[in-house]
Amino acid sequence: MKKTGKTMTLRGSSPININGSSVFSGELQKNIFSYSSPDQTRGWILRDAWAWLAMIDGTGGGDTRVGLTQCLTTDVLLPNAAGNITGLKAYLSQYSSADNRTIAWNQQDIHRRDSVNKDFVIPTNAFVDTTKFLHDESRVITRDLFLNTYITTESATVTTRIDWYIVLEEVELNPTESVMQQIKGIAQSISS
């Protein structure tokens, strides 16, 4: 694997519901990068990633906390089809670092403050530190990158959005490296 010196940034946002803790849904899976080409010698290493909760519209009826769990994956995760606590646990187990599809992880504890007209959010730590992902620096993205998010709160459901900023560094792969990274990227368990 050889670094090309080229970088690329990805940024965007997507709407998401913050559900009350008795609602066993609230996940978001967003394809934020896709590469399709006959040239399979290109790949990207995740250099840095941040994702954060935007301002909340609406009121939730009191000061509460929000739990935000996120991961970046190179393949789709199975959805929470059951819509109950068992289905949620199965869905969130895919966020594990033991799953080859996952390449970065983030958890945030956010204060949701009540206001007469509109709730607002306050991170419990410095913005950049709280929103930054821990990531696997040896994994190469060869096809897709998905942002997966699960969010819940102690109070009523409201709609907000998740924003992200991601830095990728391009690399050149030989044919063997390309095949190995593609296999890893689709959840196959292999030793590198």
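In this predicted model, lysine 3 forms a salt bridge with glutamate 169, and the closest N and O atoms of the two residues are 3.9 Å apart. Because lysine 3 belongs to strand β1 (residues 2-20) and glutamate 169 to strand β10 (residues 158-172), the pair ties together parts that are 166 residues apart in sequence.

Arginine 42 forms a salt bridge with glutamate 170, with 2.9 Å between the closest N and O atoms. Here, too, distant parts of the chain are linked, since arginine 42 lies in strand β3 (residues 42-53) and glutamate 170 in strand β10, 128 residues apart. With a relative accessibility of 30%, arginine 42 counts as partly exposed, while glutamate 170 counts as buried at 9%.

A further salt bridge joins arginine 101 to aspartate 99, and in this case both arginine 101 and aspartate 99 are buried. Salt bridges that share partners also join Lys3, Arg47 and Glu169 into one network. The search of the whole structure finds six salt bridges, among them the pairs set out below.

| Lysine 3 | Glutamate 169 | 3.9 Å |

Turning to strand pairing, strand β4 (residues 64-73) and strand β5 (residues 102-113) run antiparallel to each other and are paired over 10 bridges; arginine 65 stands opposite histidine 111 in β5. Strand β5 is also joined to β7 by two bridges, again in the antiparallel sense, and tryptophan 105 stands opposite leucine 134 in β7.

The protein chain has an average pLDDT of 83, and 81% of its residues score at least 70. Within the chain, confidence is highest in strand β7 (residues 134-135), at a mean of 96, and lowest in strand β6 (residues 120-123), where the mean is 66.

Conventions
Residues are numbered from 1 along each chain as its sequence is written. This is a predicted model: local features need pLDDT of at least 70, side-chain atom pairs count only at pLDDT 80 or more; totals for chains, interfaces and linings use all residues. Side-chain values use heavy atoms; hydrogens and water are left out. A salt bridge is a side-chain nitrogen of Lys or Arg within 4 Å of a carboxyl oxygen of Asp or Glu. Helices (H or I, at least four residues) and strands (E, at least two) are DSSP runs, numbered from the N terminus. Buried means under 20% relative accessible area, exposed over 50%, partly exposed in between (1.4 Å probe, protein chains only). pLDDT is the predictor's confidence in each residue, from 0 to 100. Two strands pair if DSSP finds at least two bridges between them.
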